[in-house]
Amino acid sequence: MNKHAIPLLFATLIILQIISLVRIGNLQNDLNNTRNQLSNSASQQSNQINNIYANIDSMLKRQASIIDSYEYSFGTLDNNTLTVPVTFNITPKETKADTSATLVVSGQSFNMNKNGTNFTATLPVRIFDAFEARIILADGGVRKTEKLEVSENLREKLLPIIHVRFEGKSTSRYSKNQGESSGIYHKAGNLSLDVKPAANNKIEGARLVIDVDGKTVSEKTIEKIGGSAIQMDEKIPVSAGQKLTIAVIATDSFGLVYKTVVDQYELNDNADPKREREPMWPDETIITDKDGAILYTPGFGRVNEQLKR
């Protein structure tokens with residue numbers, strides 16, 4: 001065999017293999033493109049079907065509704081009663097001379113004023129109550145009720161919103177005192193306080209408060225609200241059976257107090273921690289009046305008790 005034939009054969013095989021690999025790669029790309037097109041097509045069809053069902057559902061609701069149209073608007077917040085006036089304007093599909101309307105908002109009932117074919121009512125609503133509404137139409141002894149699709153969080157709409165967080169990493173360490181029923185809890189990190197102000201209301205001041213069993217052991221003013229983070233490096237003595245709480249407490253223009261817990265640590269009767277690692281605290285705030293009566297607490301809504309600070 002010619003001495004140049006074998007290298008030429010190998011070169012030819014390598015070229016053919018490269019061509020095959022390129023063609024396989026192209027086929028894989030074509031297959032992936034086809035799969036993506038099929039997936040997009042299926043997604044579009046699914047969205048179209050969902051939209052059709054949503055439109056049909058909306059049409060059925062409109063047909064079954066006793067209301068032709070309605071609208072509502074808010075007035076100015078009363079910072080003494082913490083209520084806001086809400087005005088509803090409702091037009092039923094059918095009205096007669098003796099048709100009356102009752103509006104139920106956040107559990108309160110109000111007789112609406114009739115103006116031609118419209119009914120109107122203005123009522124105060126507490127900003128900490130769940131904002132929901134329904135209309136009751138009475139005509140010749142027949143009562144018809146319909147829930148109105150209102151969706152407003154009055155607390156977040158009319159009061160400042162506070163976000164407290166540690167920027168970057170924070171450290172937590174507990175060291176038990178040898179031979180004693182006590183220890184030192186060390187907390188360090190950069191704590192920031194971001195605030196979204198409300199109309200005619202803002203956070204006037206804030207402080208970092210550390211307490212043990214409800215007794216304040218440390219309190220520092222947060223100078224820059226929404227600015228630079230406050231550097232925290234605290235070593236707090238704590239004894240067996242005690243509970244340590246680190247919180248940011250802020251006050252707004254109305255005198256309302258916002259308390260956000262950023263850390264808690266509790267020891268058992270042997271001065272050992274009741275938990276093994278630091279929990280992730282939700283960014284939620286308890287709101288009280290200036291006397292400490294709770295107005296809002298996450299998950300429980302409006303209550304009437306004293307907040308231990």
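Is serine 218 buried or exposed? I find serine 218 buried, at a relative accessible area of 17%, where buried means under 20%, exposed over 50% and partly exposed in between (1.4 Å probe, protein chains only).

I note that this is a predicted model, in which local features need pLDDT of at least 70, side-chain atom pairs count only at pLDDT 80 or more, and totals for chains, interfaces and linings use all residues. Residues are numbered from 1 along each chain as its sequence is written, and side-chain values use heavy atoms, with hydrogens and water left out.

I placed serine 218 in strand β12 (residues 215-221), strands being DSSP runs of E of at least two residues and helices runs of H or I of at least four, numbered from the N terminus. Leaving aside residues up to four places away in sequence, serine 218 touches Leu208, Val209, Ile210 and Glu234, a contact being heavy atoms within 4.5 Å.

Next I looked up strand β2 (residues 83-92), which is mostly covered, with 7 of its 10 residues buried. β2 pairs in the antiparallel sense with strand β1 (residues 67-74) over 7 bridges, and likewise antiparallel with strand β6 (residues 118-126) over 8 bridges; pairing requires at least two DSSP bridges between the strands.

Last, I turned to isoleucine 19, which has its place in helix α1 (residues 5-64) and counts as partly exposed at 37% relative accessibility.
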